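User: Please talk me through this one in plain terms. I'll ask as I go.

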Amino acid sequence: MTSVSGTAGAHEPELAEPGRGGGLTEVVRRRYLLRLIVRRELRARYQGSLLGLGWSYVRPAAHFAVFFFVAGVFLRMSEQIEHFPIFMFSALVLVSFFNETLINTTHAVVGNAPLVRKVYLPRELFPVASLLVSCVHLVPGLVIVMGVAVAWGWTPSAAAIGSALLGFALVATLGIGLGLICSALHVFYRDTAKAVDIVTLFVTWSVPMIYPWTMVRDTAPGWALDLYLANPLTLGVLLFERAFWWPTTDGTLPFPAHLTRDAFIAFALAVLLLGAGQFVFSRLQRRFAEEL
Amino acid sequence: MDEPRRAVVVDAVTKRFTLRHARSIKNMTLRTLHGKRLRDRFTALDAVSVTIDVGEAVALVGLNGSGKSTLLKIISGVMPPDEGSVRVRGRIAGLIEVGAGLHPDLTGRENVFLNGAILGMDREETLRKFDSIVEFADIGRFLDQPVRFYSSGMFMRLAFSIAVHTDPDVFLIDEVLAVGDPLFRRKCIERLHEYRDSGRTMVVVAHDANLLRQLCTRGVFLEDGRVRWDGDIDTAADMLLKKRQERRRAEANPSGAVEAGR
């Protein structure tokens with residue numbers, strides 16, 4: 001029996017409650033697994049397709065073409081906004097990133113039902129992996145935006161890069177915060193994904209993507225403008241436009257006063273939302289295995 | 001020092017499940033209008049206490065619906081108990097329906113890494129054990145094929161092989177030995193014997209009474225979510241056979257079902 005205690009007693013772990021998740025910190029601790037799950041998601045998504053990851057270029061390109069011709073050419077936005085393609089595209093990549101994050105995180109837990117039901121893992125892994133997959137898909141869009149911007153005389157500056165980083169941080173935090181809540185709710189009510197679908201529709205049109213924010217300022221009452229500018233996605237989009245589009249123009253189109261300050265406040269609120277999302281998720285996840 | 005060390009402590013665990021009869025608003029309204037119940041609760045585990053020492057091989061036996069799989073899930077941490085507490089020492093690997101972590105679109109090789117990580121191995125550990133895992137699974141040239149093209153036997157072999165190579169401190173096994181070809185089955189059982197002899201802890205759920213007699217030293221018989229017997233494996237296995245016979249007789253002769261039914 002001595003050899004037995006030799007193998008089993010080499011390390012002496014304490015008795016601990018199984019399945020007591022450490023939440024997002026646990027996800028960070030198991031980042032090796034997280035990386036493999038992200039790779040699996042990417043692999044599975046393009047399984048058997050000829051273009052593979054190339055689809056992450058085709059989709060934004062198609063989006064771009066539709067919006068460019070409808071808004072830019074037919075609705076004559078190109079005449080009102082200098083370098084309209086980049087104005088729109090810098091907004092489009094961020095909006096697509098948010099929508100994709102929200103939709104994919106919502107399905108993340110239900111989509112991994114076999115694993116959730118049978119093996120204990122920190123369940124936050126799945127929504128976080130979805131966020132990272134969206135980040136991978138954001139890269140091609142950003143590369144195109146930067147390429148076009150550089151062609152129009154964009155040069156990197158602290159203000160531009162800071163704006164872009166703040167805009168991204170704001171939208172990503174908001175996305176994962178909402179995503180945690182939605183993915184947990186979706187386990188219990190499959191209506192969640194339908195509701196999220198509708199939300200993404202509103203998101204697409206409620207940000208200054210195919211029209212400048214000044215249009216809202218000039219046509220809507222003051223309280224509506226306040227509401228419009230309180231939308232964190234509007235702030236994120238404005239920041240991206242300030243980062244990539246504005247430096248290529250003559251700078252006549254103004255940005256709302258205190259954009260940076262408001263964005264920092266929104267970011268702080270998004271961090272609070274993420275905390276709330278983590279709390280809701282960790283409470284609901286206790287019943288995931290029996291619901292699925 | 002002589003006092004046995006606990007590997008698993010299940011203390012007065014109760015688990016209730018809610019059966020929802022209606023999910024949509026329409027069905028809920030209809031059921032309410034007809035005066036029917038919207039949900040039923042049933043108790044899957046009723047104040048179950050089991051203590052397992054390090055190095056023990058314990059079989060959980062019982063008829064279908066007795067709560068043994070639920071108990072295994074609670075030990076693994078997949079489900080928290082409603083009342084009572086569970087504590088486990090060290091790394092647990094569940095073979096709770098093997099293959100949950102295998103992704104059909106990934107190749108065998110990729111699945112070894114992914115499933116290994118799911119069961120708690122890091123990259124170095126997987127690399128170190130890779131050859132041994134592949135050899136044990138005996139999947140040969142299919143290693144770089146997507147798992148979706150595997151035969152069910154190959155699938156099981158790969159999944160089982162990864163799981164046994166994680167070297168968990170507590171190994172939970174649920175119904176996995178029921179499948180697979182006889183040859184591989186024997187290999188698995190040998191492996192589990194080795195594993196047990198190395199002083200690690202094992203909790204097994206299986207329907208094969210003879211296999212359990214070979215593999216386990218102790219049996220816990222569950223019925224309707226309560227522990228009816230906790231002691232030597234032979235008694236537990238005999239109880240299982242007897243209960244099964246009773247049930248079969250009750251099914252063959254429905255008039256007698258009242259006394260034997262659950």
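**Where the chains meet, and what lies behind**

User: In strand 4 of chain B, which residue is the bridge partner of Ala16(A)?

Analyst: First, a note: this is a predicted model, where local features need pLDDT of at least 70 and side-chain atom pairs count only at pLDDT 80 or more, while totals for chains, interfaces and linings use all residues. Residues are numbered from 1 along each chain as its sequence is written, and chains are lettered from A and ligands numbered from 1 in the order in which they are written. Ala16(A) lies in strand 1 of chain A (helices, H or I of at least four residues, and strands, E of at least two, are DSSP runs numbered from the N terminus). Its bridge partner in strand 4 of chain B is Val88(B).

User: How many bridges join strand 1 of chain A to strand 4 of chain B?

Analyst: Two strands pair if DSSP finds at least two bridges between them. Strand 4 of chain B covers residues 83–89 and runs antiparallel to strand 1 of chain A. The number of bridges joining them is two.

User: In what order do the four strands of the open sheet come?

Analyst: The pairing in this sheet is antiparallel. Strand 1 of chain B is joined to strand 4 of chain B by five bridges, with Val8(B) opposite Val88(B). On to strand 2 of chain B, there are 11 bridges from strand 1 of chain B, and Arg16(B) partners Thr43(B). The order is 1(A)-4(B)-1(B)-2(B).

User: Which strands stand at the edges?

Analyst: Within the order 1(A)-4(B)-1(B)-2(B), an edge strand has a single partner strand, so one of its sides is left without a neighbour in the sheet. The edge strands are strand 1 of chain A and strand 2 (39–53) of chain B.

User: At about what angle does helix 2 of chain B run to strand 1 of chain B?

Analyst: Helix 2, residues 68–76, lies across strand 1 (6–20), strand 2 and strand 4 of chain B. Axes are lines fitted to C-alpha atoms, for helices over the stretch in contact, and angles run from 0 to 180 degrees between N-to-C directions. For helix 2 and strand 1 of chain B, that comes to about 120°.

User: Stepping back, which element of chain A supplies the largest share of the side that touches chain B?

Analyst: In total, 28 residues of chain A are in contact with 37 residues of chain B. Elements supplying at least two residues of that side include helix 1 (2–8), strand 1 (15–16) and helix 3 (31–45) of chain A. The largest share, six residues, comes from helix 3 of chain A.

User: How many of the 11 residues of helix 3 of chain B are buried?

Analyst: This helix, residues 108–118, is largely enclosed by the rest of the structure. Its buried residues, among them Phe113(B) and Leu114(B), pack against helix 3 of chain A together with helix 4 (123–137) and helix 5 (152–165) of chain B. The helix is followed by Gly120(B), whose phi is positive, near 100°. The count of buried residues in helix 3 is 10.

User: Where in chain B is the pLDDT below 50?

Analyst: pLDDT is the predictor's confidence in each residue, from 0 to 100. Chain B averages 84, and 91% of the residues score at least 70. The stretch below 50 has seven contacts in the model beyond near neighbours in sequence, and it covers residues 256–262 of chain B.

User: And what ipTM does the predictor give the complex?

Analyst: The complex gets a pTM of 0.88. Its ipTM is 0.84.

Definitions and conventions. Two residues are in contact if their C-beta atoms, placed from the backbone, lie within 7 Å. A residue is buried if 20 or more other C-beta atoms lie within 10 Å of its own, exposed if 12 or fewer, and partly exposed in between; C-beta atoms are placed from the backbone.
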